[in-house]
Every structure is written in structure tokens, then in C-alpha cells.
Amino acid sequence: MMTSEKIHIGLLFGGNSSEHDVSKRSAHNIYDAMDKNKYEVSLFMFTKEGVLLGDAASRRIFDGEPEAKVVSDVLPTIDFTNPLANIMSLTEVKDIDLFYPVIHGNMGEDGTIQGLFKLLDKPYIGSDVRSSAISFDKDLTKKMLTLNNIRNTKYLVVKANNRVEMSYAHISKELGDVVFIKPANQGSSVGIHKAHNEKEFLEGIEDAFLYDTKILVEESIENPDEIECSILGNTDLKASKLGAVIVPKSDVFYDYNNKFVDASGVEFEMPVELPDELTKEIQDMSLRAFEALGCRGLARIDFLVKDGIPYLGELNTLPGFTNISLYPQLWEVSGIGYSELIDKLIQLAFDEHAAVKELHYDFTELPEI
């Protein structure tokens, strides 16, 4: 529960995923927006190798020192014979009240870091281990959506043991000639390809297997409107106004490059004006998906809309907070500013931790051996 004293936040960012640099940008924005009269903030950056740097080293990177230089200074000082070496820097500061993970992709959104927070018995921003892991896996997400009658696109899964039989001929018969290829456990369009023929399909599959052992092949919705919705809450959920992402016609889809590298050609319409019935349907699908997956705190949900019919694409449990990230922008146009949004997320984390602590566990003592 928040008190009149400063709350000590452990802000974690970086990570050994393809979204390492995106995470650094998000963490900078969140740190800058935090009210320092309310919060004391300690910084912890996971290196690209998965080693957690302490506050002093992380702050050097925050302040503009080359990451490679800082990492090369710190790594030789770590005793890697210690089984907890990768996270020992957490012991450098005392009395952390809450952890704020800003780690996109692997380690951050897949339940890994949430498991650490659970072991430490500390409140943290976002969904728990189970919900994070399911939501991060595109295959498991779509299974849960389908089970709960939430519309999504048709797909097939390719793994090493069925790769031969999942030929382009077989897949195109089931899904159509044009398909999207996606690593099941990656974010921000990394390893994603649009294939129009067998050659592109084989090349896309080959590249996707560099990022995951399970690949989604999904039907293509041609020339859809890309619509976004943000969710805030634990059990008393709120859906934001909707936003639209307008990608240049020359781009195949909203990929990593135009999300984070060069977004100059991308336009955002926030809020987007859609028919009332369609707006309500997308917001309702978002809320139902958030509940079905057992999420907490926050999520951004992506939709493809074709001929007035929305298809839920994916759900992001730790969405970006960069300058062009949609989650905070959607709440901004819905009446909740950046700093207020952070306050609400922190309070939701405290609330969820308190609720979980109320659960009972019965222990039956056995006779001494």
C-alpha cells in the first residue's frame, strides 16, 4: 500500500532479447516521468548476456556512457562461481518496495522475471508468471482466445518434428497463398515475414527458426486497418479509447523498423473514430481477452479490422513506453497522463500483491522420519 514516505522502486530494463534497446528507451521515459517526490528509484539493467548490473553501472549507461564499455568494466568483477551471480546486484540496495520491469520480449514478458519477483515476495508491475507466459506464446494465446470465443485469425504451428509435412502446398491449402510467419515467442515483429509463394515461405521459416523452436503460420488479412486498445486494471478493468496505426503502402506490415528505427512514415490516429458498435466490440474483445488470459495491471491489445470485422492479433503484457509507444498515448487521449498512469500501475501492483497474500495454503505436518 502506498504511504506518505517515498516508495523505493527497482526499475529493471535491458535483457537478452531482440528488444534490448527498446527496453532502455522505455525505462528512460518511465524514470523521467516518475514523481521523485513520491519515489526513490534504483536502476538495474540486464546486459545482452543476461547479467543484472547494479544501480551505479546502470546509471552510467542511463547517463550516456557506451553500454559495451560499462559492461566490460563490470563483468570481470563478478564471481561467476556463485550460482546467483547473474542477479547478485540486487543485494546492492536495501528495502525495495516494488519492482517495475521494463523488459520487453524474453525474460520480461515470458514469466521469467515474474518468477524471480514471486520468490522475493515483492509487488511488481504487470501480470504473473502464468499469465505472462501464456500471453507471450502466440500459439497458447490463440488457443485461449478460441476457447473463449474471441475472434482471431486461422493458423498452423510448425515445429522441428512436423516441418517436412508442413509444406507450403499443405499450408496454402489450409490458410491461403499469402501467409504470415511468426516465431511463437518473440515480440515487436522480430523474425516475422509475409510470404506470397513457396520461396518466400521457406526463407521465412528458416529465419523464424533462428528466434524460436515453435513457429506460427497465420492466414493473411489483406489491407486491414490496424487498431490498438489499452487495458488498465486488475479486476476492475478499463479499456482506453482506440487508436489506429497507418503504415505506408510501401511497407508490408508494421515491422520492427517502423516501430522503433524509423517511424517517420507511420501515422497514428488517436483516438480513431470508428462506428460506435465496432468500437464497443473491440473494447469488449480486449477486456474479455485480458480476463481470459488472467492478466493484471496493463496490456496493449492489437487488432486487424477488415470490412468492419475485428480479429484479435496479440496481447502485450509489458507494452513499450518509448516516445512513440501506443499504450501511454492511448491513455493520454483517454484522460490519464503519463505520470498519473505510472502512479496507477504502481498502486495496482501493490493491490494485487496484497490480494495474493490473502490466499490460504494448508500445510499438513507428517510424522518425523
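**Aromatic cluster, cores and annotated sites**

F13, Y31 and F62 form one aromatic cluster. Rings of Phe, Tyr and Trp (its six-membered ring) count as paired if their centres lie within 6.5 Å; planes under 30 degrees apart are called stacked, over 60 edge-to-face, and the rest tilted. This is a predicted model, in which local features need pLDDT of at least 70 and side-chain atom pairs count only at pLDDT 80 or more, while totals for chains, interfaces and linings use all residues. Residues are numbered from 1 along each chain as its sequence is written, and side-chain values use heavy atoms, with hydrogens and water left out.

**Aromatic pairs and charges over rings**

- The count of aromatic pairs comes to seven.
- Y31 and F62 make an edge-to-face pair, because their ring centres are 5.5 Å apart and their planes stand at 85 degrees.
- This pair links distant parts of the chain, with Y31 in helix α1 and F62 in helix α2, 31 residues apart; helices (H or I, at least four residues) and strands (E, at least two) are DSSP runs numbered from the N terminus.
- Y31 and F62 are both buried, where buried means under 20% relative accessible area, exposed over 50%, and partly exposed in between (1.4 Å probe, protein chains only).
- F99 and F117 have ring centres 4.8 Å apart and planes at 10 degrees, so this pair is stacked.
- F99 belongs to strand β4 and F117 to helix α4 (residues 112-120), so the pair ties together parts 18 residues apart in sequence.
- F99 and F117 are buried.
- The charged end of K36 sits over the ring of Y31, 4.3 Å from its centre; the rule asks for NZ of Lys or CZ of Arg within 6 Å of the ring centre and within 35 degrees of the ring normal.

**Domains and nonpolar cores**

- The domain assignment, which is automatic or from a database, gives domain 1 (7-125), domain 2 (154-219) and domain 3 (225-355).
- The centres of domain 2 and domain 3, taken over C-alpha atoms, are 26 Å apart.
- The largest nonpolar core has 41 residues, of which L11, M34, Y100, L345 and I346 touch the most other members; such a core is a set of buried Ala, Val, Leu, Ile, Met, Phe, Trp, Tyr and Cys residues joined through side-chain atoms within 4.5 Å.
- Elements that each supply at least two residues of this core include β1 (7-14), α1 (20-33), β4 (98-102) and α12 (338-357).
- The most comes from α12, with seven residues.
- Domain 1 (7-125) and domain 3 (225-355) each give this core at least three residues.
- M34 touches I9, Y39, V41, Y100, I342 and I346, leaving aside residues up to four places away in sequence; contact means heavy atoms within 4.5 Å.
- V272, L293, A299 and F303 are among the 22 residues of a second, separate core.

**Annotated positions and S220**

- An unreviewed UniProt entry lists E19, S188 and S325 for "active site"; UniProt positions are given in the numbering used here, feature names are shortened, and annotations may be inferred rather than shown by experiment.
- E19 lies in the loop between β1 and α1 and is buried, with a relative accessible area of 3%.
- S220 is in the loop between β8 (214-219) and β9 (225-233), and at 14% relative accessibility S220 counts as buried.
- S220 touches V178, V179, F180 and K194, not counting residues up to four places away in sequence.
- S220 and H196 are 24 residues apart along the chain, with 9.8 Å between their C-alpha atoms.
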